[in-house]
Amino acid sequence: MRELPGVLVVQACGEFDADEVDLLLAAWEEADELALPTTVVDLTGCVFGDSSFLGALLIARSRHLASGRQLVLAGPLQPKILLLLAVSGTMEAFDVTENLAEAVNRSTG
């Protein structure tokens, strides 16, 4: 994680399943404590996520919406992440950008 003006960037790399999902849940706790206007989840290095990964993203979305903050997923999304969001019908639930710079610029600009 790293903090930019008004933005918390959470970088997710590798594979996420039930064994790693606690890392994301801890990141959401940090995001709630910092209460910055935007959290950007950089998924460029995330090559796999299962239903627990999706559940963690949906928890983050719910928490951000409830507190009036923005959650942005930064791509480009890897094929298995795109498939997960498409098959689950949740792609439209998230604000997804083409890259991290776009996500940060949208949030601060």
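**Exercise 1. Is Phe53 buried or exposed, and what is its relative accessible area?**

Solution. The model is a predicted one, in which local features need pLDDT of at least 70 and side-chain atom pairs count only at pLDDT 80 or more, while totals for chains, interfaces and linings use all residues. Residues are numbered from 1 along each chain as its sequence is written, and side-chain values use heavy atoms, with hydrogens and water left out.

Step 1. The cut-offs are these: buried means under 20% relative accessible area, exposed means over 50%, and partly exposed lies in between, with a 1.4 Å probe and protein chains only.

Step 2. Phe53 has a relative accessible area of 1%, so the residue is buried.

**Exercise 2. Describe the aromatic pair that a search of the whole structure finds.**

Solution. Step 1. Rings of Phe, Tyr and Trp (its six-membered ring) pair if their centres lie within 6.5 Å; planes under 30 degrees apart count as stacked, over 60 as edge-to-face, and the rest as tilted.

Step 1. The search of the whole structure gives 1 aromatic pair. Its members are Phe16 and Phe53, whose ring centres are 5.5 Å apart and whose planes stand at 35°, so the pair is tilted.

Step 2. The pair links distant parts of the chain, since Phe16 belongs to strand E2 and Phe53 to helix H2, 37 residues apart. Helices (H or I, at least four residues) and strands (E, at least two) are DSSP runs, numbered from the N terminus.

Step 3. Phe16 counts as buried because its relative accessibility is 6%.

**Exercise 3. Work out the span of helix H2 and the surroundings of its buried residues.**

Solution. Step 1. H2 covers residues 51–66, which makes 16 residues, and reaches 22 Å from its first C-alpha to its last, close to the 22 Å expected at 1.5 Å a residue. The expected span is 1.5 Å times one less than the number of residues in the helix.

Step 1. The buried residues of H2 are Ser52, Phe53, Leu54, Ala56, Leu57, Ala60 and His64. In an α-helix there are 3.6 residues a turn, so residues three or four places apart point the same way.

Step 2. The buried residues of H2 pack against strand E2 (7–16), helix H1 (21–34), strand E3 (38–49), strand E4 (70–74) and helix H3 (79–88), where contact means heavy atoms within 4.5 Å.

Step 3. After H2 comes Gly68, whose phi is positive, near 75°.

**Exercise 4. Examine the backbone at Pro76 and at Ala35.**

Solution. Step 1. Pro76 is found in the loop between E4 and H3, and the peptide bond from Gly75 to Pro76 is cis, with omega near 10°.

Step 1. Ala35, in the loop between H1 and E3, has a positive phi of about 50° although it is not a glycine.
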